[in-house]
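The structure is shown first, and the points follow by topic.

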Amino acid sequence: MPEVTEPYVPGTPCWVDLVIPDQREALDFYRDLFGWQGEPGPPETGGYAVCTLNGRAVAGIMTSMAQEGGSKPPPAWTTYLAVTDTDAAVRKVREHGGTPLMDPTDVLALGRMAVVADSTGAVFGLWQAGEFIGAQVVNEPGSVVWNELNTADPEAAATFYEETVGLTATTMKEAPGYFALKTGDQPVGGMQSLEKSPPGSPSHWLTYFNVDDTDSTVDALTRAGGNVLKPPFDMVAGRMAVVQDPQGAVFALITPVPMSSGG
């Protein structure tokens with residue numbers, strides 16, 4: 001079982017969480033879809049729920065809070081990249097054309113986080129581990145298997161992520177137009193242009209969850225009120241689909257081909 005016990009290498013996607021209007025509904029939905037267990041957390045963490053899969057942390061779900069002007073952010077999954085110093089990373093983000101959206105904040109003794117947008121507008125988080133390294137299980141059914149940047153400008157994004165978090169982009173021979181994002185020689189994520197995204201899509205990170213059977217999971221999702229954006233199809237890494245949960249948060253499902261690598 002792919003259990004994670006060591007801190008993530010800087011630049012590696014280490015956590016995902018969902019900001020959603022109805023936390024209770026989302027907890028129930030993902031419990032039924034992926035087998036997660038989770039309950040609203042204590043007031044000092046804003047009720048943040050750390051969901052577990054077989055007792056190991058897999059993802060977070062929190063209630064969206066009103067922003068300035070009273071509006072709430074749209075339902076969305078956020079990918080967090082591991083860093084050794086959140087404050088220094090936020091300074092680099094600003095220096096290289098990104099935008100800090102949530103200033104560095106301590107989360108009890110668990111770690112220090114921030115939320116930023118890259119130079120092409122894609123939102124992601126930064127996580128400096130304290131007592132909590134991030135996801136304790138990845139790459140198995142019900143957990144994150146891949147994180148992908150879909151960007152309006154791959155060249156600019158490649159420069160941004162190399163300069164800010166040390167990720168390097170290399171072309172993938174088996175997937176023309178697709179880039180692997182690497183820490184050293186290890187692929188930990190992917191990147192592509194917005195050509196395959198719906199017209200008008202902004203730059204964004206997409207979270208992929210591993211499932212045993214993409215088609216049956218899509219069927220279960222639609223029965224539970226979710227929406228299918230891209231029906232199941234076969235591609236180089238496996239059989240995937242792009243979907244929305246009942247409140248509108250977008251994510252991908254994939255049944256990986258044997259021996260595929262994930263981030």
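The largest nonpolar core holds 28 residues, of which Y30, F34, W36, I61, W77, F209 and F251 touch the most other members. Such a core is a set of buried Ala, Val, Leu, Ile, Met, Phe, Trp, Tyr and Cys residues joined through side-chain atoms within 4.5 Å. The model is predicted: local features need pLDDT of at least 70 and side-chain atom pairs pLDDT 80 or more, while totals for chains, interfaces and linings use all residues. Numbering starts from 1 along each chain as its sequence is written, and side-chain values use heavy atoms, without hydrogens or water.

**Nonpolar cores**

**Surface patch**
- L101, M102 and V123 form a nonpolar surface patch with about 240 Å² of accessible area together.
- Within strand β7 (residues 123–129), V123 is partly exposed at a relative accessible area of 36%; buried means under 20%, exposed over 50%, and partly exposed in between (1.4 Å probe, protein chains only).

**Cysteines**
- The whole structure contains 0 disulfides, a disulfide being a pair of cysteine sulfur atoms within 2.5 Å.
- The sulfur of C14 lies 16 Å from its closest cysteine sulfur, in C51, and is therefore too far for a bond.
- C14 is buried at a relative accessible area of 1%, and C51 is buried at 2%.

Definitions and conventions. Patch = residues over 30% accessible without salt bridge, like charges linked within 9 Å, V, L, I, M, F, W, Y side chains within 5 Å. Areas by Shrake-Rupley, 256 points an atom, 1.4 Å probe, with all protein chains shown as cover. Salt bridge = Lys/Arg side-chain N within 4 Å of Asp/Glu carboxyl O. Helix = DSSP H or I, 4+ residues; strand = E, 2+ residues; numbered from the N terminus.
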